[in-house]
Each structure stands twice: as C-alpha cells, then as structure tokens.
Amino acid sequence: MANLLEINNLIKVYNKKIVLNNISFTVKDGEFLSILGPSGCGKTTLLKILIGIEKPTNGAIIKKGKNIVNLDVSKRGMGIVFQNYALFPNMTVLQNVAYALKIKLKNKNNAEKAALEMLKMVNMEEHLKKYPHELSGGQMQRVAIARTLALKPDIILFDEPMSALDADNRLVLRKELKKLQQKLHTTMIYITHDQEEAFSLSDRVMVMNDGNIEQIDIPNVIFNHPKNDYVRNFVTNHLIEKVSSIEKCTGIDL
Ligand SMILES: Nc1ncnc2c1ncn2[C@@H]1O[C@H](COP(=O)(O)OP(=O)(O)OP(=O)(O)O)[C@@H](O)[C@H]1O
Ligand SMILES: [Mg+2]
C-alpha cells in the first residue's frame with residue numbers, strides 16, 4: 001500500500017499550551033488507523049487539523065504528494081463522522097443523505113439515486129422517509145456514515161462515532177463498518193476510547209499521550225510488544241478494567 005497521507009512535524013499550540021507536540025506519521029491508501037489515548041491528549045485536535053476545521057501552528061499535511069495544509073475543507077477529499085450524529089432534524093433520512101449530493105451533482109434525481117445506494121449499503125433502506133427523531137442512535141449514526149460516504153471521500157475521519165451507543169449496537173455497527181471498509185477500501189482514521197474496538201477494526205493503532213505519539217503499529221505489536229511503560233500500562237489497565245467488569249457481571253472471581 002502506498003502512503004496516502006504524510007503528516008510532518010505537526011504542532012498545535014492553544015493559549016501557549018502545546019496540544020500537538022511535533023508529531024509525524026503516515027497513513028497508507030486503504031488503511032484503517034485507530035487513534036487511542038486519554039482525554040485531552042489531542043486526538044480531536046488532530047482530526048480537526050487533518051480535515052481543515054483548525055489550522056496547525058506548524059507542520060505539513062501531504063496528501064498524494066501535495067501539501068494541503070492551506071486547502072479549503074471542501075477541497076481536501078475528506079469526510080468526518082462525529083459522536084453526535086449532526087443530522088438535519090427537519091429532513092428525512094433520504095433528504096439528509098441527498099442534501100450535499102444535490103449541491104455536488106446539481107441534479108435532484110441523481111442525488112437521490114446515489115443517496116439511496118449509500119443508504120442500502122448501511123442497511124437503512126427501510127427507513128428512508130423517517131425523520132431523525134424517529135430513529136435509534138445506531139440508525140442515526142448509519143445515516144451520518146451514509147451521508148459522508150455518499151460524497152466519495154478518499155479519507156473518512158471518525159471521532160468516537162460509537163460512544164453514544166449501547167454495547168450491543170456498538171458491536172453490530174462495528175461489524176458493519178468493517179465490512180463496509182473492506183468493500184469500499186476507503187481510508188479511515190478512527191478515534192475511539194474503546195481498545196477492543198481499535199484492535200478489532202484496525203490495520204494499525206496509534207497510541208497518543210499528551211500531544212505525542214507513543215507508538216504506532218499493528219494491533220498485535222502494540223499489545224504484545226509495547227514500546228514503553230506508557231503503552232504497556234495503557235493496554236494492561238484496559239485488561240484489568242475488562243476483567244473487573246466481567247467479574248461484576250458474572251459474580252465470578254477471575
Ligand atoms: N479551541 C480550543 N481552544 C483552546 N484549547 C483547546 C481548544 N480545543 C481543544 N483545546 C485543548 O486542547 C487539548 C486537546 O483537546 P482535544 O479535544 O484534542 O482532546 P481529545 O484527545 O480529543 O480528548 P477527548 O478524549 O476528551 O475527546 C485539551 O487540553 C483542550 O482543552
Ligand atoms: Mg476528542
């Protein structure tokens with residue numbers, strides 16, 4: 001796989017506080033990269049800079065060989081899915097997905113056809129005429145994903161897209177997302193607090209801490225060969241949490 005993105009020496013300073021501390025990494029074409037790290041370590045800031053909602057204090061974002069750091073959001077070929085679905089409340093499912101497509105394609109029928117195609121792909125074809133308030137959290141997130149996919153971005157950024165869902169829904173949507181990614185080969189960069197999610201979905205996982213990248217590697221290496229104490233503790237703490245939640249649910253002392 002060739003590199004689709006190269007992030008070079010990215011720095012972000014907010015009010016004299018260094019939020020991203022000179023980070024560099026690459027993302028391959030078609031890769032699923034998860035970002036893990038504690039609250040406040042700079043994950044969302046990184047995504048906002050990649051898509052262009054925020055400007056970095058310093059550094060370059062090279063996409064297909066070109067520095068896109070000064071390029072407008074709409075010209076970067078990226079889409080983003082947030083935790084809170086951000087659907088238009090006064091539009092149906094179909095209208096939500098078709099809205100941006102109408103502007104892009106300048107043709108209502110073609111836009112609706114393409115929107116329908118995407119909604120089928122996320123198993124929402126039975127809900128086309130419903131409004132967001134008539135949907136479950138998982139269904140709303142499927143619409144948000146379809147809306148982003150419909151514009152055919154090269155890269156989709158996800159900022160904790162499952163965190164408002166219950167465990168069952170999360171598992172179902174996680175499997176669907178994996179299938180979708182395997183089918184479309186869209187490059188995905190995915191922030192999550194859920195290590196299991198990161199390890200099961202990703203080609204590689206990036207562990208961040210306080211504006212730095214501690215390690216970026218395939219899940220197996222992160223898990224079995226953590227590069228330093230920080231990553232080791234991060235992975236181990238998750239296991240301890242997991243065991244104690246199983247103990248709580250089952251009453252069995254592990
Ligand atoms: N617009 C802003 N102005 C000033 N400081 C900001 C701004 N946005 C983020 N920060 C600060 O930057 C740091 C990183 O924030 P960020 O939202 O990137 O964290 P995060 O890793 O996504 O955390 P979480 O897991 O809680 O979502 C935090 O200390 C935050 O307070
Ligand atoms: Mg965040």
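Two rings of Phe, Tyr or Trp count as an aromatic pair if their centres lie within 6.5 Å. By this rule, the count for the chain comes to five aromatic pairs. The structure is a predicted model, and its secondary structure comprises eight helices and ten strands.

**Overall form**

- The radius of gyration of the chain is 19 Å, close to the 18 Å given by the globule rule for 254 residues, so the chain is as compact as a globular protein of that length.
- The C-alpha trace spans about 55 × 50 × 35 Å along its principal axes.
- Among contacts between residues at least 6 apart in sequence, 65% join residues at least 24 apart.

**Surface and charge**

- Buried residues make up 46% of the 254 residues of the chain.
- The chain exposes about 13000 Å², and 51% of this area is supplied by carbon and sulfur atoms.
- There are 34 positive and 27 negative side chains, and the centres of these two sets lie 9 Å apart.

**The pair Phe32 and Tyr190**

- The ring centres of Phe32 and Tyr190 are 5.4 Å apart and the ring planes meet at 45°; the pair is therefore tilted, since that class takes the angles left between stacked, under 30 degrees, and edge-to-face, over 60.
- Phe32 belongs to strand β3 (residues 32–36) and Tyr190 to strand β8 (residues 187–191), so the pair ties together parts that are 158 residues apart in sequence.
- Phe32 has a relative accessible area of 0% and is buried.
- Tyr190 is likewise buried, with a relative accessible area of 0%.
- Ring pairs also bring in Phe158, linking Phe32, Phe158 and Tyr190 into a cluster.

**The pair Phe88 and Tyr99**

- Phe88 and Tyr99 form an edge-to-face aromatic pair, with 5.1 Å from centre to centre and 65° between the planes.
- Phe88 lies in the loop between β6 (78–81) and α2 (93–105), whereas Tyr99 lies in helix α2; the pair therefore ties together parts that are eleven residues apart in sequence.
- Phe88 counts as partly exposed, at 30% relative accessibility.
- Tyr99 is partly exposed as well, with a relative accessible area of 40%.

How values were computed:
Residues are numbered from 1 along each chain as its sequence is written. Chains are lettered from A and ligands numbered from 1 in the order in which they are written. This is a predicted model: local features need pLDDT of at least 70, side-chain atom pairs count only at pLDDT 80 or more; totals for chains, interfaces and linings use all residues. Side-chain values use heavy atoms; hydrogens and water are left out. Helices (H or I, at least four residues) and strands (E, at least two) are DSSP runs, numbered from the N terminus. The radius of gyration is taken over C-alpha atoms; the globule rule is 2.2 Å times the number of residues to the power 0.38. Buried means under 20% relative accessible area, exposed over 50%, partly exposed in between (1.4 Å probe, protein chains only). Contact means heavy atoms within 4.5 Å. Accessible areas come from the Shrake-Rupley method with a 1.4 Å probe; for residues, only the protein chains shown count as cover. Lys and Arg count as positive and Asp and Glu as negative; His and the chain ends are not counted. The place of a charge is taken as NZ of Lys, CZ of Arg, CG of Asp or CD of Glu. Rings of Phe, Tyr and Trp (its six-membered ring) pair if their centres lie within 6.5 Å; planes under 30 degrees apart count as stacked, over 60 as edge-to-face and the rest as tilted.
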